[in-house]
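Please read them with the structure open beside you.

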Amino acid sequence: MTPNNPHSHPPPDPRRPLSFPAVHPSDTISPATLLSSLLTLSQSILNTTTFFTQRRNAREATRQVSLLLIFLQDLHASLLPNDAVPSLSDLHFSFQNLHFLLQDCSREGARLFMLLKSRHVASQLRSLFRTIAATLDALPLHVIKVCWEVRELVELVRKQARKVTFELDPEDQTEAQRVNSVLQQFERGIEPDLNAMKRTLTYLEIKTWIDCNREVKFLEDVMLSSASSVSDEEEVSLLSGLISFLCYCRGVIFEDVDFPSLHENSQSEGRSSGGSEELSCEKRPPEDFRCPISLELMIDPVTTSTGQTYDRISIQKWLKAGNRVCPKTGERLTNTELVPNTTLKRLIQQFCVDNGISVAKPSNRSHQRSGVSAEAGSPAAAHAVQFLCWFLARKLAFGTEEQQNKAAYEVRLLARSNVFNRTCLVEVGTVPPLIDLLSTGDRTVQENAIAALLKLSKHSSGQQCIMESRGLAPILKVLNRGLSLESRQMAAATIFYLCSVKEFRKIIGDNPEGIPGLVEMIKEERKTIHSCLAGKDRLYRSDDAIMCGKKNAVVAIFGLLLHPQNHSKVLAAGAGPAIVSVLSSSLDKAGLVTDCLAVLAALAETAEGARAVLEADALHLIIWILKSETSRVAKEHCVSILLSLCVHGGSGVVAFLVAESSIMPLLYWIITDGTPHAAKKARSLIRVLQEFNEQRTSGLVGSSSVLRQPLIHMS
């Protein structure tokens, strides 16, 4: 692979490293099928030829499999006795596990992780071949029709499999010790020798920035995959240390990176590493973050003996009540020990910070690591990140334009990982130079700078620092006149996070470029791209950026509407018609529909806003969404809008809703199955409609309509 071609590798294996999901062949499997599968599996093992660790042991393992392949090729399924099938099934099971293990040793992105697991891997290989030897012992060779040379070959493999030691490779051991030494130096707050780190990278053939970044992403994925299972403190500490080790290498050792390939890598990674974010007015935690007992966001997740995770308070109440079965699965608990799920806890904490959710902090556990190191994952990780942040701050402040660009991109990546990284980056002073980079004439530099500020704006200290460093005006300039759609939509997202601070909502609303700039982004349409690079992929990215920009602008306006004085400014900028237009053209995008409805519901709370919604011909659309939308949140917003329109829009609106025969059944459904807040709104709307109907029946209400004529003609 060349550094400029990040797409040449196969897609990543979703299997967690050093996990072996082997399946034993069925008892009813036919000899022909079993033999065919064994031949295919053996060949797959032999096709794994590139190993970054365990090179000597891997060669020995594949050598023995190649000898057994000769035996398997000499077999004839039609002549295979039934007595041989169980042993061959056991061999198939062992070969599956061996295949998984050798795949991990050659896996892209897993090089450093597997190096640190070298001793465990050697032990696994030893155990596997002892099992293979026992399987060959049980194999009834005397009734299997093979030539005597092949029979002797099987005997040879059986003896070797029993005796082979699969010792830890001395070179692997040396490099693993070197990495541990570097981590120990980081733990003591000592910046390690770069040459030592370079030797390890060379040994693992991590030659480019892209190679190093692939290792970081792999380990981050491993951390995420362990969130729903029992998380060993030592494992979390190791993973955190290795990630920080590689981030330090990526930022410092691979400083002179070929930036075009780096930018290409950013595009290939998609939004996960870019600035594009799926923002929302609704801050609802993922299902995995909720306790199965209380259905609330977990504060202190713990795992029981059945492997299920609950909030500590909820499961303790369950156990104190005398229950000894798992609430979720019904399995009997073998013990009442509750194991802290530290990885899931960190993910929940990050979700809360990213979304401005405040949760009560549980009491400190005696065995819990405290302070900085707990947030970073380990003391080594904490110090490694701190050293890297200082390095990046210096490059941003005093480096060449190319070095500043690279440093901004590194900040962009580092800040997305966790709260601790963002805190460090803000504390060392990366915000002011990033703000300065927004005025650049280079599109890529501007994208990296605004993306980095976006990540830092998720943290309270980052929000404060941006405003204190007079960053609002440059961010709004990017929002209105950014060099790319991506930069502009990231500026809108940054405004959204700044709006989480109460006093900033007024400041942003008072700026003449704030609200109008967001409304213009909502109105944004795709323009023809005049470029030799303007192929279909580029156009799709442009469309994605436009839709992402619209969504970010909508949720930013929602944040600004939390300050009452911004209502009239939002309406004056034409937000009402713009949002209704987006809503009518984006009915297939559930998240955007919900956010648009949330803004319209906020606007309709005032008489001026309700008038704007009606004049935008939104009533038919709101009713149609109420009928067709499956989201309970969207239905709740629709009911809120309709209630506000009835209150502020006059009897004409109420009469129109009364004439809609489908409205009343929908409202009763919401009372039964909707959220408590939605049910309350639905009951209020039903009372309004019923009172109007009663008054009209008694002749107390005239037939005049307050609605504008275009509403009646709306399709």
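1. Among contacts between residues at least 6 apart in sequence, what percentage join residues at least 24 apart? In this model, which is predicted, the figure is 77%. The protein has 715 residues, of which 53% count as buried, and its secondary structure comprises 35 helices and 3 strands.

2. The 3 strands form an open sheet in the order 2-1-3, with antiparallel pairing. Strand 2 (309-311) and strand 3 (339-340) stand at the edges, and each has a single partner strand, so one side of each lacks a neighbour in the sheet. Strand 1, which spans residues 301-303, pairs with strand 2 in the antiparallel sense over 3 bridges, and in this pairing Pro 301 has Asp 311 of strand 2 as its bridge partner.

3. Helix 12, covering residues 312-320, packs on this sheet and touches strand 1, strand 2 and strand 3. The direction of helix 12 makes about 95° with that of strand 2.

4. Turning to helix packing, two packed helices are described by the angle between their axes and the distance between the axes. For helix 8 (residues 194-203) and helix 10 (residues 233-253), the angle is about 105° and the axes are 11 Å apart. Since angles of 65 to 115 degrees count as roughly perpendicular, helix 8 and helix 10 are therefore described as roughly perpendicular to each other.

5. The contact between these two helices can be listed residue by residue: helix 8 contributes Leu 194, Met 197, Lys 198 and Leu 201, while helix 10 contributes Phe 245, Tyr 248, Cys 249, Val 252 and Ile 253. By class, the contact of helix 8 with helix 10 has 8 nonpolar residues, no polar residues and 1 charged residue.

6. Helix 17 is followed by Gly 429, whose phi is positive, near 90°.

Technical notes
Residues numbered from 1 in each chain as written. Predicted model: local features only at pLDDT ≥ 70, side-chain atom pairs only at ≥ 80, totals over all residues. Heavy atoms only, no water. Axes fitted to C-alpha atoms, helices over the stretch in contact; angles between N-to-C directions. Helix = DSSP H or I, 4+ residues; strand = E, 2+ residues; numbered from the N terminus. Parallel < 35°, antiparallel > 145°, perpendicular 65-115°, else oblique. Contact = heavy atoms within 4.5 Å. Nonpolar A, V, L, I, M, F, W, Y, C, P; charged D, E, K, R; others polar. Pairing = 2+ DSSP bridges. Buried < 20%, exposed > 50% of the residue type's maximum accessible area, 1.4 Å probe, protein only.
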